[in-house]
Amino acid sequence: MSHPVIDLRSDTVTRPTEAMRAAMLAAPLGDDVFGDDPSVNALQAQIAEMLGFEAALFVPTGTQSNFCAILAHCQRGDEYIVGQMAHCYRWEGGGAAVFGSVQPQPLDHQPDGTLALQDIEAAIKPDDAHFARTRLLALENTLGGKLLPFDYIEQATQLAQRRGLGRHLDGARLFNAAVAQAQRRGTDARAEARRIAGCFDTVSVCFSKGLGAPVGSALCGSRELISRAHRIRKMAGGGMRQAGMLAAAASHALQHHVDRLAEDHALARRLAEGLSGIEGLKVEAPQTNLLFVDLVGEAKARSADLLAHLKREGVLATGLYRLRFATHLDVDAAGIAHAVAAIRSFFHA
């Protein structure tokens, strides 16, 4: 009997659990454009309270959440400082620049994913008509599966605040970061999520990645910033009507799927251990649920062949710029064992 497909392309591929489907079917509904969908309102209050903000806005996607945040902070002719590999710069179609006329100022990352404080300081433009107005620092946590050190987050956001910049966090995988940070500190993941979020003026959280909801993100911030973001969401076509079924899935995920992210992290470590020692592979030790692997030496030119081999073996992965494997709630230990065996068979054929 053939093995079921092990989809390690992303943690976005999950399907709602039976309990989540039941919560969706039971959700009371209204018209969220009129502001009277009770399930959406409950989710917005839930995530805002959880992260320590006054308000939140439910949006269809993380891309739209970041877009609304940047345009809520910045006006035409302004700029935001961001990392070269940050999602809201590299992977979101340039939306802030294309639709918002907000210029990104990308900086190179340090090996741990941070932006050097001196680079941030140097990138802030003087108040001069020759330059775009620097208005915002945007960080991402986790970034490529890496946990940004909390002391660094404090230093970077304090620098931004001293220089009069807004502070936005793309926390698409904020709860992955919080779980990893909680394990290091021996604390509670929800407390760590709130601690990280407290360094920022706005925070975007994605429900459709590790948390396992089918659709949706939330942008959290002050009532004033969220009011601006609400207007931008409308312009961007993000006003949904009976969105409560989607919001109920997100609420269920916040209640039941945060702590279990530790299982995904453990499976990523198990996958890394299973691939260690294979000649031609360089495995980067995962900090959360994303494992990056590089082909080196003579194997370097064979990444496309490896992906094709894995697909034939019922294992899906991505190789957009590096080989990436993402663990999530639809992957178990047996699936990881099958993936390890499939990869090893390619190199030992």
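1. Strands, as the word is used here, are DSSP runs of E at least two residues long, numbered from the N terminus. In this predicted model, Ser-208 has its place in the loop that links strand E7 (202–206) with strand E8 (217–221). Although Ser-208 belongs to a loop, the residue is buried, because its relative accessible area of 14% falls under the 20% cut-off. Once its neighbours within four places in sequence are left aside, Ser-208 is in contact with Asp-11, Thr-12, Ala-213, Pro-214, Val-215 and Gly-216.

2. An open sheet is formed by three strands, which follow one another in the order E9-E10-E12 and pair in the antiparallel sense. Strand E9 (281–284) and strand E12 (323–326) are at the edges with a single partner strand each, and therefore one side of each has no neighbour in the sheet. On average, and with direction ignored, neighbouring strands of this sheet are turned by 25° against each other.

3. Within this sheet, the antiparallel pairing of strand E10 (residues 290–295) with E12 extends over four bridges, and Leu-291 stands opposite Phe-325 in E12. Helix H12 (residues 261–275) lies across E9, E10 and E12, and its direction runs at about 20° to E10.

Terms used: Residues numbered from 1 in each chain as written. Predicted model: local features only at pLDDT ≥ 70, side-chain atom pairs only at ≥ 80, totals over all residues. Heavy atoms only, no water. Pairing = 2+ DSSP bridges. Axes fitted to C-alpha atoms, helices over the stretch in contact; angles between N-to-C directions. Contact = heavy atoms within 4.5 Å. Buried < 20%, exposed > 50% of the residue type's maximum accessible area, 1.4 Å probe, protein only.
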